[in-house]
Each structure stands twice: as structure tokens, then as C-alpha cells.
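User: Please go through the salt bridges, pockets and surface of the structure shown below.

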Amino acid sequence: LVRFSFQFIGAGAVSLTFAILFFQEEIMVSLYDHGSIYSGKILGYLMISFLAMAGSTVYGTLLTANGSLMKMNVIFLIGVFLNVILNGILIPESKALGAAIASCITQGLVFFAQLFLAKQELKLRFATDMIIRMLLFMIVSYAMMYWCCGHLDWRWIYRFVSCLGLGIILAILFKLIDLVQLIELVRTR
């Protein structure tokens, strides 16, 4: 269940994050009157934070079910202190971008701490084949989305939706999203 959840949520989060990273400025300009390259960069860092949060959703839930709340609270407390320190350092110089970078670093470290704790507490083995497929999926997704952005002469919103669709198709091809298992899960609900 952990593997299925991580693959499903991870593939979706990676697809969404990469697509948004390629169109971060366009998204911010279309959403806000004062959208700009600067606000697009902020969105980019926040989307990278989203990747870490997606992973934390899986492993945090697993650790909660295991009863590892005290150890998770220690991780979160360290994360809060780290975030306050990073914000104190980065915000005066970089303003909102500094806060986004602080969030990105903090969320990433909290996720890796939860991953390590889950491995330690539950004696989880990391499936090498899944890690390789996830890395290959990320590389191929990024490369193909990059190609779409540079070679398709469509409005940005159509290229954005194409990148999202491409990410989902690649996740299925790399067997990160198992359609049969997904259909069975939906039927049992």
C-alpha cells in the first residue's frame, strides 16, 4: 500500500510540478494583475516544496498509523526552528523568494527525515526497481516537457495541459500508476 501510494502520489506530484515549473511565469501573469518573472520563481520553489509535501503525506500517514507521533513531532519541531532561522536569513535579502526557498529546504528535509524514520521504525526496504523507474520517469518527463515547451507552437495553456497529460501517460508507461490496481481500489470503495 505504501509503495502504491508513493508511486501514485509521486507520479502525479512530479507531473504537476514539472508542468508548472515550465509555465510558472505564464501562470502567475494569468492569475494576478502584478504577476511577473519574480512571482513565477516563487511559484517554482513552492512547487518543489509541494513535491516534498506529497512524499510527507505518504510517509507521515504511515508513521502516524504506526504510533510514531512523538518522533514525528521532534522532526516537525526541528523543521519549525529551521524554517524560522532560514526565513530570518533569507527574507531580508530576497523577500518572498527567500521565504519560498526556506519553505523548499525545510519541507525537503522534513520529508527525508520522515523517510529515514519510516525506514528505521518499520524496517522498510526501498524497492530499487521503483526508485530507478521513478528517476527515469522524472528524467524522461522533464526532457519531453522541455521539448514540448520549445517545439509546439500552441498557446501556453494548451502546452501546459499537454505536459500534464504527457506526465500521466509516462507514469502509466513506467508502471508508476497501475491502472488495474487503481480500478480495483476504486471498485472496493
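User: How many salt bridges does a search of the whole structure find?

Analyst: This is a predicted model. A pair counts when a side-chain nitrogen of Lys or Arg is within 4 Å of a carboxyl oxygen of Asp or Glu. Searched on that basis, the whole structure gives three salt bridges.

User: Which parts does the pair of Asp129 and Arg3 tie together, and how far apart in sequence are they?

Analyst: The two side chains meet in a salt bridge with an N to O distance of 2.8 Å. Asp129 belongs to helix α6 and Arg3 to helix α1, so the pair ties together parts whose separation in sequence is 126 residues.

User: Is Arg133 buried or exposed?

Analyst: Arg133 forms a salt bridge with Asp129, with the closest N and O atoms 3.5 Å apart. Both residues sit in helix α6, four residues apart, about one turn of the helix. Asp129 has 40% relative accessibility and is partly exposed. The cut-off for buried is under 20% relative accessible area, and because Arg133 has 19%, Arg133 counts as buried.

User: Which residues are linked in a network of salt bridges?

Analyst: Asp129 pairs with Arg3, and Asp129 also pairs with Arg133. The network therefore consists of Arg3, Asp129 and Arg133.

User: Which helices does the salt bridge of Lys71 and Glu121 link?

Analyst: The closest N and O atoms of Lys71 and Glu121 are 2.5 Å apart. The pair links distant parts of the chain, 50 residues apart: Lys71 is in helix α4 (residues 69-94) and Glu121 in helix α5. The helices are α4 and α5.

User: Which element gives the most to the lining of the largest pocket?

Analyst: The largest pocket holds about 530 Å³ of space. Elements giving two or more residues to its lining are α1 (2-22), α3 (37-66), α5 (96-122) and α6 (128-151). With six residues, the element that gives the most is α3.

User: How many charged residues line the second largest pocket?

Analyst: The second largest pocket has a volume of about 160 Å³. Its lining includes Arg3 and Arg125. The lining residues are seven nonpolar, no polar and, as charged, two.

User: What is the area of the nonpolar surface patch that includes Tyr158?

Analyst: Tyr158 is in helix α7 (residues 156-173) and is partly exposed at 48% relative accessible area. Together with Trp154, Ile157 and Val161, Tyr158 makes a nonpolar patch of about 400 Å².

Terms used: Residues numbered from 1 in each chain as written. Predicted model: local features only at pLDDT ≥ 70, side-chain atom pairs only at ≥ 80, totals over all residues. Heavy atoms only, no water. 1 Å grid on protein atoms, 1.4 Å probe; cavity = no way out; pocket = protein on both sides within 12 Å on 5 of 7 lines; lining within 4 Å. Points joined across faces, edges and corners; volume = space filled by probe spheres on them. Nonpolar A, V, L, I, M, F, W, Y, C, P; charged D, E, K, R; others polar. Patch = residues over 30% accessible without salt bridge, like charges linked within 9 Å, V, L, I, M, F, W, Y side chains within 5 Å. Areas by Shrake-Rupley, 256 points an atom, 1.4 Å probe, with all protein chains shown as cover. Buried < 20%, exposed > 50% of the residue type's maximum accessible area, 1.4 Å probe, protein only.
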